[in-house]
Amino acid sequence: MKLFVYGTLKRGKSAHSLMKHCEFLGETILPGYSLYRQGGLPVLVIDHVNTVKGEVYRIPEYDESPTDPHHGGKVSVVGILDQYEGYISKDNPSNLYNRVKAYTVDQEMVDVYVYNGQPSDEAEFLIDGVW
């Protein structure tokens, strides 16, 4: 799967180490979304108007770390990212973020974590779409 990242998972950001088994494919723009800073975290929401700048990665199904005996010693990379983003399952109301399909400006289909709710009144709108 290809994943669009826009916040703490980007290169040089605080959680980028979670992407160590993922292949960087390049930078791109995601149209139809807005980015906010809420409580020190990035919040991406659908708005059909603005754009967000980010990075695309190819996410392998499993990494090669011998730490999970249930999958032949391999760990699910998507599972690690889902856990980090607070994604439990599709359409689960307890998700912090939902993992959805979207298209970049280049019409490349990617998965992206979208905030499950609306930004708070205190959230800062990042007009340039950059975290």
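The model is predicted, so local features need pLDDT of at least 70 and side-chain atom pairs count only at pLDDT 80 or more, while totals for chains, interfaces and linings use all residues. Residues are numbered from 1 along each chain as its sequence is written, and side-chain values use heavy atoms, with hydrogens and water left out. An open sheet of 6 strands, with mixed pairing, has the order S4-S5-S1-S3-S2-S6.

**The sheet**

- Strands (E, at least two residues) and helices (H or I, at least four) are DSSP runs, numbered from the N terminus, and two strands pair if DSSP finds at least two bridges between them.
- The edge strands, each of which pairs on one side only, are S4 (97–103) and S6 (124–125).
- Helix H1 (residues 77–85) packs on the sheet and touches strand S1 (2–5), S4 and S5, and its direction makes about 30 degrees with that of S5; contact means heavy atoms within 4.5 Å, and axes are lines fitted to C-alpha atoms, for helices over the stretch in contact, with angles running from 0 to 180 degrees between N-to-C directions.

**Strand S5 and its partners**

- S4 and strand S5 (residues 109–115) pair in the antiparallel sense over 7 bridges, and Tyr97 has Tyr115 in S5 as its bridge partner, while Ala102 has Val110 and Lys101 stands opposite Asp111.
- These two strands form a hairpin with 5 residues between them, and Gln107 in the turn has a positive phi of about 60 degrees.
- S1 and S5 run parallel and are joined by 2 bridges, with Phe4 standing opposite Val112 in S5.
- S5 is largely enclosed by the rest of the structure, because 6 of its 7 residues are buried, where buried means under 20% relative accessible area, exposed over 50% and partly exposed in between (1.4 Å probe, protein chains only).

**Two residues**

- Met109, which lies in strand S5, is partly exposed, with a relative accessible area of 44%.
- Leaving aside neighbours within four places in sequence, Met109 is in contact with Lys2, Lys101, Ala102 and Tyr103.
- Ser34 lies in strand S2 (residues 23–38) and is buried, with a relative accessible area of 3%.
- Not counting residues up to four places away in sequence, Ser34 touches Val43, Leu44, Val45, Asp47, Asn50, Val52 and Phe125.

**The largest pocket**

- About 170 Å³ of space lies in the largest pocket; on a 1 Å grid over the protein atoms alone, a pocket is an open set of points with protein on both sides within 12 Å along at least five of seven lines, and its lining residues have an atom within 4 Å of a point.
- Of the 14 residues that line the largest pocket, the closest to its centre are Thr8, Pro42, Tyr84, Glu85 and Tyr97.
- S1, strand S3 (41–58) and H1 are the elements that give two or more residues to this lining, and S1 gives the most, with 3 residues.
- By class, the lining has 11 nonpolar, 2 polar and 1 charged residues, where Ala, Val, Leu, Ile, Met, Phe, Trp, Tyr, Cys and Pro count as nonpolar, Asp, Glu, Lys and Arg as charged, and the others, Gly among them, as polar.

Methods: On a 1 Å grid over the protein atoms alone, a cavity is a set of points where a 1.4 Å probe fits but cannot get out, and a pocket is an open set with protein on both sides within 12 Å along at least five of seven lines; lining residues have an atom within 4 Å of a point. Grid points are joined across faces, edges and corners, and a volume is the space filled by probe spheres set on the points.
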